[in-house]
Amino acid sequence: MELADHKPPYLGFGLGLRPEHYNEILSGTPHVDWFEVISENYMIPGGKPLRVLDQIRERYPVVMHGVSLSIASTAPLDMEYLTELKTLADRVEPKWISDHLCWTGVHGVNLHDLLPIPYTQEALGHVVDRVSRVQDFLGRRLTLENVSSYVTFAQSEMSEWEFVSEVARRADCWLLFDVNNVYVSACNHGFSTRDFLHGVPRDRVVQFHLAGHSHEGDHIVDTHDHPVCDEVWDFYRETVSHFGPVSTMIERDDNIPPLAEVIAELDIARKIAQEVAEAKKVIAAE
């Protein structure tokens with residue numbers, strides 16, 4: 001059986017579920033195909049967030065996106081965290097579970113940041129082993145996201161996209177291609193977004209992230225507190241043209257606007273994807 005036969009379904013265009021939008025979503029029929037939820041916000045025994053999530057799940061496909069798996073850490077896997085994650089997945093039945101290719105804590109302390117790793121053969125073997133063990137525990141493939149970064153390591157032996165691709169191949173996991181993160185890291189480190197785009201295996205990518213960022217003079221920070229900028233939209237167009245239709249969502253985690261504004265931004269993504277598809281039809285017909 002081919003890898004594509006196991007690939008999660010295409011979901012269309014989604015949003016990150018945020019408490020500020022709970023009432024508008026539940027009281028209306030917003031033009032959103034699916035929602036991504038932050039796993040840790042719902043890894044609790046009960047309460048309003050879980051009740052709302054159950055209601056959302058009755059109406060929309062949902063995917064789970066974590067921020068604390070710390071898959072690249074040298075600390076032992078947190079089995080309590082994984083048990084809670086699996087319990088939530090059994091309840092939500094997400095289309096997939098994602099987290100970041102990074103580390104977030106050490107010595108039992110969660111640093112609440114997505115920290116980079118050196119791209120070495122040693123780190124590669126370490127991450128592949130941990131991804132495989134997590135997948136065995138969860139009973140499903142994991143989806144890993146490329147993070148934005150602000151430092152590089154002199155010890156790195158390969159590019160980020162080579163590392164990401166090799167993790168996906170050896171661990172047999174899926175990839176979440178964060179369009180904004182590639183743009184941010186490319187600006188910060190001086191590599192080509194096109195090299196990253198063409199360096200990642202198409203058959204492993206199941207989701208795109210779009211978000212805004214902040215310019216800090218000589219570097220860019222992935223803040224998720226602004227609309228998607230024109231440069232990232234241009235790269236999204238190139239990304240869709242390269243990969244074809246991939247489930248796409250917009251992240252907004254600060255300065256959160258009314259739901260209608262985020263949906264209007266999501267409609268830009270729909271329009272770009274439609275334009276790319278129509279252009280491909282014209283070329284194919286010629």
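At what angle do the axes of helix α3 and helix α4 cross, and within what distance do they come? The legends below take up this question and a few others, using a predicted model.

**Figure 1. The whole protein, as a starting point.** Welcome to the overall view of this predicted model. Nine helices and twelve strands make up the secondary structure of the protein. With a radius of gyration of 18 Å, close to the 19 Å given by the globule rule for 286 residues, the protein is as compact as a globular protein of that length. Along the principal axes, the C-alpha atoms fill a box of roughly 50 × 50 × 45 Å. Buried residues come to 53% of the 286 in the protein. If you look at contacts with a separation of 6 or more, 80% of them join residues 24 or more positions apart.

**Figure 2. Helix α3 meets helix α4.** Here is the reply to the opening question: the axes of α3 (residues 79–92) and α4 (residues 121–138) cross at roughly 45 degrees and come within 10 Å. This angle makes α3 oblique to α4. The crossing in which α3 passes α4 is right-handed. On the α3 side, look for M79, L82, T83, L85 and K86, which meet V134, F137 and L138 of α4. Sorted by class, this contact holds six nonpolar residues, one polar and one charged.

**Figure 3. Helix α6 packs with helix α8.** Now turn to another helix pair, α6 (residues 179–189) and α8 (residues 230–243), whose axes lie 9 Å apart at an angle of about 120 degrees. Here α6 passes α8 in a right-handed crossing. From α6 come V179, N180, V182 and Y183, and they meet E231, V232, F235, Y236 and T239 in α8. Six nonpolar, two polar and one charged residues form the contact of α6 with α8.

Figure 4. Is I220 buried or exposed? I220 is buried, and its relative accessible area is 4%. You will find I220 in strand β11, which covers residues 220–221. Once neighbours within four places in sequence are set aside, the contacts of I220 are Y150, Y183, V184, C187, N188, H213, S214 and H215. For a sense of scale, the C-alpha atom of I220 is separated by 29 Å from that of V128, a residue 92 positions away along the chain.

**Figure 5. T104 inside strand β5.** Which residues does T104 touch, not counting those up to four places away in sequence? They are V67, S68, S70, V109, N110, L111, H112, D113 and L114. T104 has its place in strand β5, residues 103–106. With a relative accessible area of 2%, T104 is buried.

**Figure 6. N41 in a loop.** Our last stop is N41, in the loop that runs between β2 (34–38) and α2 (48–59). N41 is partly exposed, and its relative accessible area is 44%.

Notes: Residues numbered from 1 in each chain as written. Predicted model: local features only at pLDDT ≥ 70, side-chain atom pairs only at ≥ 80, totals over all residues. Heavy atoms only, no water. Axes fitted to C-alpha atoms, helices over the stretch in contact; angles between N-to-C directions. Helix = DSSP H or I, 4+ residues; strand = E, 2+ residues; numbered from the N terminus. Left-handed = near helix turned anticlockwise from the far one by under 90°. Contact = heavy atoms within 4.5 Å. Nonpolar A, V, L, I, M, F, W, Y, C, P; charged D, E, K, R; others polar. Parallel < 35°, antiparallel > 145°, perpendicular 65-115°, else oblique. Rg over C-alpha atoms; globule rule 2.2 N^0.38 Å. Buried < 20%, exposed > 50% of the residue type's maximum accessible area, 1.4 Å probe, protein only.
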